[in-house]
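Work through the following exercises with the model open.

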Amino acid sequence: NLQRNAIALLPGRQQKKFTVEILHSIEREVSRYVLTISVINAVVGLAFAGILYLLEFPLQEALLWGTLVMLLNYAPYVGPLIGMCLMLLVGFVAFDDTWQSLLPALLYLVLHTIEGQLVTPIVLGRRMALSPLVLILGLMVFGWLWGFVGLLLAVPLLACTKLVLERL
């Protein structure tokens with residue numbers, strides 16, 4: 001209804017058609033982006049849970065930390081940083097040996113680097129290319145405005161803005 005009412009306010013048929021096309025392309029691209037990122041994040045979470053299970057964590061704990069890694073991966077840059085800090089803490093709590101306690105954080109860093117530098121760019125390609133500077137500034141602004149929810153919404157909102165500006 002909101003979309004229909006907003007389009008009804010536009011004066012010309014050509015403007016209405018143009019606006020509908022923009023809204024449909026935004027919906028399609030954001031849906032495709034969210035689905036792709038969700039699949040990538042789920043695979044990363046499952047892979048990290050498997051890594052923790054191989055490090056002899058109980059299955060429930062490994063799945064818990066894998067799920068947390070999956071959710072934190074939705075917030076670019078900030079999420080993995082929080083995940084690294086948490087994995088350092090988990091490692092020091094779970095293991096007595098210093099080198100062994102660094103292992104969960106180190107393996108998380110390796111997994112995240114592979115995902116962030118190889119998998120995600122290859123899968124998404126140049127379709128949703130956003131400048132890293134714009135992305136960091138958007139994360140700072142949306143994070144400051146809305147906290148963690150803003151961090152989660154920053155990339156889709158920036159992608160929407162990019163699509164609208166490309167059309168205009």
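**Exercise 1. Are Phe48 and Tyr108 buried or exposed, and how are their rings arranged?**

Step 1. Both Phe48 and Tyr108 are buried. Buried means under 20% relative accessible area, exposed means over 50%, and partly exposed covers the range in between, with a 1.4 Å probe and protein chains only.

Step 2. The model is predicted, so local features need pLDDT of at least 70 and side-chain atom pairs count only at pLDDT 80 or more, while totals for chains, interfaces and linings use all residues. Residues are numbered from 1 along each chain as its sequence is written, and side-chain values use heavy atoms, with hydrogens and water left out.

Step 3. Apply the ring criterion: rings of Phe, Tyr and Trp (its six-membered ring) pair if their centres lie within 6.5 Å, and planes under 30 degrees apart are stacked, over 60 edge-to-face, the rest tilted. The count by this rule is three aromatic pairs. In one of them, Phe48 and Tyr108 have ring centres 5.4 Å apart and planes at 75 degrees, so the pair is edge-to-face.

Step 4. Locate the partners. Phe48 belongs to helix 2 (residues 13–54) and Tyr108 to helix 5 (residues 98–124), so the pair ties together parts 60 residues apart in sequence. Helices (H or I, at least four residues) and strands (E, at least two) are DSSP runs numbered from the N terminus.

**Exercise 2. Classify the pair of Phe142 and Trp146, and state the exposure of each residue.**

Step 1. The centres of the two rings are 5.5 Å apart with 25 degrees between the planes, and the Phe142–Trp146 pair is stacked.

Step 2. Phe142 and Trp146 are four residues apart in helix 6 (residues 132–146), and are thus separated by about one helical turn.

Step 3. Phe142 is buried at a relative accessible area of 17%, whereas Trp146 is partly exposed at 47%.

**Exercise 3. Where in the protein is confidence lowest, and where is it highest?**

Step 1. The score is pLDDT, the predictor's confidence in each residue, from 0 to 100. Its mean over the protein is 84, and 94% of the residues reach 70 or more.

Step 2. Helix 1 (residues 2–8) has the lowest confidence, at a mean of 74, and helix 3 (residues 59–72) the highest, at 94.

**Exercise 4. Describe the packing of helix 2 against helix 3 and against helix 7.**

Step 1. Take helix 3. Its axis and that of helix 2 come within 7 Å and cross at roughly 150 degrees. Axes are lines fitted to C-alpha atoms, for helices over the stretch in contact, and angles run from 0 to 180 degrees between N-to-C directions. Helix 2 passes helix 3 in a right-handed crossing; a crossing is left-handed if the near helix is turned anticlockwise from the far one by less than a right angle, and right-handed if clockwise.

Step 2. List the contact (heavy atoms within 4.5 Å). The contact residues divide into 12 nonpolar, three polar and no charged. Here Ala, Val, Leu, Ile, Met, Phe, Trp, Tyr, Cys and Pro count as nonpolar, Asp, Glu, Lys and Arg as charged, and the others, Gly among them, as polar.

Step 3. Take helix 7 (residues 148–167). The angle with helix 2 is about 145 degrees and the axes are 10 Å apart. This crossing of helix 2 and helix 7 is right-handed. Among the residues in contact are Phe18, Glu21 and Tyr33 of helix 2 and Val155, Cys160 and Arg167 of helix 7. The contact of helix 2 with helix 7 has 10 nonpolar residues, one polar and three charged.

**Exercise 5. Which residues does Leu72 contact, and which does Gly83 contact, beyond four places in sequence?**

Step 1. Leu72, in helix 3, is buried at 7% relative accessibility. Its contacts beyond four places are Gly79, Pro80, Ile82, Gly83, Leu86 and Phe148.

Step 2. Gly83, in helix 4 (residues 78–94), is buried at 1%. With the same exclusion, Gly83 contacts Leu72 and Tyr108.
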